[in-house]
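This report is meant for a reader who is new to the structure shown below. Please keep the sequence and the model in view while reading.

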Amino acid sequence: MQWLEGHMRQPAQTAILVPLLLSLGLVAGCGSANQPAAGGLADSTGAGADVSQPAPGERTLARGTSPVAGPWEIRASTSERIVYEDEEVQPAGLDCIMLVLLDPPAGTPRPGAGACGEFGENGLGALELPVMDRSGRAQVLLFGRAPARAAAVEVTASNAEPMRAHTIAGPVDVDARTWVLTVPPGLQQPRIDWVTAEGARAGTRLDASHLMDRGRRLAATAEPNP
Amino acid sequence: MGVHYSSILRGVACTHGGHQYLDGCDRYADGLKARAWEWIGYPFDPVPGSWDPNGANSGCANDPTIAVVHRICVEHPVGCSGWKDT
């Protein structure tokens, strides 16, 4: 799998690791109420998902390109019902959003990120996907939902100039916009707001500090040892 | 795979879609954030998933999987579950 090249250069290790963990009793999993989706496993080890193509039920909302991440795609879907020990931990039918890297750079540990259900404040919600290429350049793709009136989303930070991205039409059956904005991983005190077509800030100032931690962690792996 | 604290289920990590997606689910409205982790195995470091963005409300973080071993972690003082194979 191309997207694991930089992270796991010897895929066969997984095939060795799993039986080892099984033998240690680290087995079993969480139940899903649904059967496996078409598409199945990316390879014979089951080490990761192949998300290069939308799964059944996923709709592509937009495609774009970022300097480090390369081409990406933002998708919408509805949630599957998930059950853990007879407790429903996620109902079916929630709106889901996912950002997927179509050609993840070597060094990026995860080819996508997403979530289901309502999140954020006043219709503005944010998720993040950190990326890094082989040369050690790291970025964070912030993405999420915005109110239907949002023409743009703005990220501010104490150590950077404000950054804006135009919003993208959301799914036709959802009264919301979507957005994607590439930012550096070292933003301090980042806040996210949405902006009207007239340029007025909504004043939401969503705290995005916790959305920087994976990007910082990833960027730190590229730094030389002291 | 779930993690309990004070005998209450605080977070759950699952996979669904034929192991295509890793779910990190916050299960308790205490303001502590939860997310799933995956581990390819030694000598590699565990890889964090997305934070569950809506806390204990319905809905989970859903990331593409990268490994077959996962666990759930909730912020201090709850901690993490053990590692589980899907």
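## Terms and basis of the model

A salt bridge is counted where a side-chain nitrogen of Lys or Arg lies within 4 Å of a carboxyl oxygen of Asp or Glu. By this rule, 14 salt bridges are found over all chains.

This is a predicted model, in which local features need pLDDT of at least 70 and side-chain atom pairs count only at pLDDT 80 or more, while totals for chains, interfaces and linings use all residues. Residues are numbered from 1 along each chain as its sequence is written, chains are lettered from A and ligands numbered from 1 in the order in which they are written, and side-chain values use heavy atoms, with hydrogens and water left out.

## Chain A as a whole

Chain A contains 2 helices and 14 strands; helices (H or I, at least four residues) and strands (E, at least two) are DSSP runs, numbered from the N terminus. Of its 226 residues, 51% are buried, where buried means under 20% relative accessible area, exposed over 50%, and partly exposed in between (1.4 Å probe, protein chains only).

The accessible surface of chain A is about 10400 Å², and carbon and sulfur atoms account for 51% of that area. Such areas come from the Shrake-Rupley method with a 1.4 Å probe; for residues, only the protein chains shown count as cover. Among contacts (heavy atoms within 4.5 Å) in chain A between residues at least 6 apart in sequence, 56% join residues at least 24 apart.

## Chain B as a whole

Chain B has 0 helices and 9 strands, so that its elements, read from the N terminus, follow the order β-β-β-β-β-β-β-β-β. The radius of gyration of chain B, at 12 Å, is close to the 12 Å that the globule rule gives for 86 residues, so chain B is as compact as a globular protein of that length. The radius is taken over C-alpha atoms, and the globule rule is 2.2 Å times the number of residues to the power 0.38. Along its principal axes, the C-alpha trace of chain B spans about 30 × 25 × 15 Å.

In chain B, 65% of the 86 residues count as buried.

## Salt bridges

Side chains of opposite charge can pair when their charged atoms come close. In chain A, A:Arg137 and A:Asp133 form a salt bridge whose closest N and O atoms are 2.8 Å apart. A:Arg137 is partly exposed, with a relative accessible area of 45%, whereas A:Asp133 is buried at 12%. A further salt bridge joins the side chains of A:Arg75 and A:Glu73 (2.7 Å, N to O), and both of these residues are buried. The two belong to a network of salt bridges that links A:Glu58, A:Arg63, A:Glu73 and A:Arg75.

In chain B, a salt bridge connects B:Lys33 with B:Glu75, the closest N and O atoms being 3.0 Å apart. This pair links distant parts of the chain, 42 residues apart: B:Lys33 is in the loop between β3 (21–26) and β4 (34–38), and B:Glu75 in the loop between β7 (69–74) and β8 (79–80). B:Lys33 is partly exposed at 24% relative accessible area, and B:Glu75 is partly exposed at 26%.

## A helix covered by both chains

Helix α2 of chain A (residues 213–221) includes the buried residues A:Asp213, A:Arg214, A:Gly215, A:Leu218 and A:Ala219. Their cover includes β6 (112–116), β7 (125–132) and β8 (138–147) of chain A, together with β4, β5 (47–51) and β6 (61–64) of chain B.

A:Gly64 belongs to strand β1 (residues 59–66) of chain A and is buried, with a relative accessible area of 16%. Leaving aside residues up to four places away in sequence, A:Gly64 touches A:Gly70, A:Pro71 and A:Trp72.

A:Ala169 is part of strand β11 (residues 168–169) of chain A and is partly exposed, at 45% relative accessibility. With residues up to four places away in sequence again not counted, A:Ala169 touches A:Leu61, A:Arg177 and A:Thr178. A:Ala169 and A:Leu124 are 45 residues apart along the chain, and their C-alpha atoms are separated by 14 Å.
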